[in-house]
There are 2 protein chains.
Amino acid sequence: MDRAHTVKSFDEEIHQLRSLIGQMGGLAEAQTTDAVDALLRRDADAAMEVVARDGQIDALETEAEQLAISMIALRAPMADDLREIVAALKISAMLERIGDYAKNIAKRVPVLTQAAPIGPAVIIPEMARAAATMIRDALDCYVDRDAELARAVADRDQQVDDFYNSLFRSLLTYMMENPHHITPATHLLFIAKNLERIGDHATNLAEMVFFSVTGQQLGDRPKTDNTATIAPEND
Amino acid sequence: MDRAHTVKSFDEEIHQLRSLIGQMGGLAEAQTTDAVDALLRRDADAAMEVVARDGQIDALETEAEQLAISMIALRAPMADDLREIVAALKISAMLERIGDYAKNIAKRVPVLTQAAPIGPAVIIPEMARAAATMIRDALDCYVDRDAELARAVADRDQQVDDFYNSLFRSLLTYMMENPHHITPATHLLFIAKNLERIGDHATNLAEMVFFSVTGQQLGDRPKTDNTATIAPEND
């Protein structure tokens, strides 16, 4: 990424844009971890702080978008520079969505603190750790333009999907055992789905980095949220 | 939108970009309707056709993105033109996601045909109609740059949210009545959530049109998916 621009402040702006993306990535990872932490500790107040902090990611996205558009408008960047700015726009949109998923997890915490803890939920923290690490590593790929790490991050999506598929089945069984479990288990299903989507977005981000570094597509990943095909067992 | 450009083919390209967005919007609306139709008719084959057709929307998004980037790179558009091209990029990303939600609905149809029909599901077609109409109207706002219609579309999101909140509660109750209902009702919960998200995206699209026409924000909508706070009733 050593490019000498005749106009010095273009490099400063690119640097600023990357820094905004880096801040968003750090926040998105922290929000994911903090939301699940609040769930584990049954801490409704901490969860509401996560919800409140989502506005910070949104504000950074707006800032990144305005900077990107003004760079395009005022500097008419060519080829590689333009591609990088457009990639930054897309990456910031993805990170904003990861923030939304973390917020959605946090929003369900207060109601879950009103119900007894749920057995299958023990998978959630591991799943969250896997997803949060994917975000961090995807951001590292972006900063270092590391195609091999990007491929490894994309491969790890399978792990998050496996957690999700397993949790989906456990929660259905758990609901069938006792109708008192249905409402809390439903909220956990949506939390698990949010984590699965966070993994998908980290993967998309890694795929985008891979493409921008190598000019090649990583290839279509198999879709491994299989839960859409889980059939009623009791009919 | 009557702007005379010195370079004739810039207008042709803008026209082509709008036309791609129009095609994507038409497909996204049709996919939503067709997915729910397949659910109602319990037609797994029709559902799989919806899943297969999602690739068409993805291909159009790629085409729109490539066109937009080449327009920015080769023509260095200023002010209004640049804003329109960036808006088109964002709108095509939203429509691609609406397509994904429709596909996710369709993917759950085959398994639902294996279970007995579910009472509360009668709300789904109405909810789908409301969401599909929002997509169509949001696209009309985009084409006609109609700020007032955009505001009306955004207001209608409440209706889709009301359907969702009502369905969420009904489905939980339905699951509690009989454990045989749990698996199919869970799939319907995710289908309803997908429709609720489609409504959100149509709303975002309408808000973006409102902003690009008036330069004003429509203001923060209240978030009215209240289901995150639905408490366990049986504990």
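Which side chain does Asp137(A) meet in a salt bridge? The partner is Arg156(A), at 2.7 Å from N to O. A salt bridge here is a side-chain nitrogen of Lys or Arg within 4 Å of a carboxyl oxygen of Asp or Glu. Asp137(A) lies in helix α5 (residues 123-144), while Arg156(A) sits in the loop between α6 (147-155) and α7 (157-177), so the pair ties together parts that are 19 residues apart in sequence. Over all chains, the whole structure holds 24 salt bridges.

## Ground rules

This is a predicted model: local features need pLDDT of at least 70, side-chain atom pairs count only at pLDDT 80 or more, and totals for chains, interfaces and linings use all residues. Residues are numbered from 1 along each chain as its sequence is written, chains are lettered from A and ligands numbered from 1 in the order in which they are written, and side-chain values use heavy atoms, with hydrogens and water left out.

## Chain A

Chain A has 8 helices and 0 strands. Its pattern along the sequence is α-α-α-α-α-α-α-α. Helices (H or I, at least four residues) and strands (E, at least two) are DSSP runs, numbered from the N terminus. The C-alpha atoms of chain A fill a box of roughly 70 × 40 × 25 Å, taken along the principal axes.

An unreviewed UniProt entry lists "domain: PhoU" for residues 22-109 and 124-209 of chain A. UniProt positions follow the numbering used here, feature names are shortened, and annotations may be inferred rather than shown by experiment. Residues 22-109 of chain A are 92% helix and 0% strand, with end C-alpha atoms 28 Å apart. For residues 124-209 of chain A, the span is 92% helix and 0% strand, and the end C-alpha atoms lie 28 Å apart.

## Where the chains meet

In chain B, 39 residues are in contact (heavy atoms within 4.5 Å) with 39 residues of chain A. The area buried between the two chains is about 3800 Å², and carbon and sulfur atoms give 66% of that. Buried area is the accessible area (1.4 Å probe) that two parts lose on being put together, summed over both.

The interface has 2 salt bridges. Lys90(A) and Glu65(B) meet in a salt bridge at 2.6 Å, N to O. On the side of chain B that touches chain A, α2 (44-75), α3 (79-107), α7 (157-177) and α8 (182-214) each supply at least two residues. The most comes from α8(B), with 8 residues.

## How the copies relate

A rotation of 180° with 0.0 Å of shift along its axis superposes chain B on chain A, with an RMSD of 0.0 Å. That is the relation of a two-fold axis. In chain B, the C-alpha nearest the axis belongs to Ala76(B), 2.8 Å away. The same surface serves both copies: 100% of the contact residues of chain B recur in chain A.

How values were computed:
Copies are superposed by least squares on the C-alpha atoms of residues with pLDDT of at least 70 in both.
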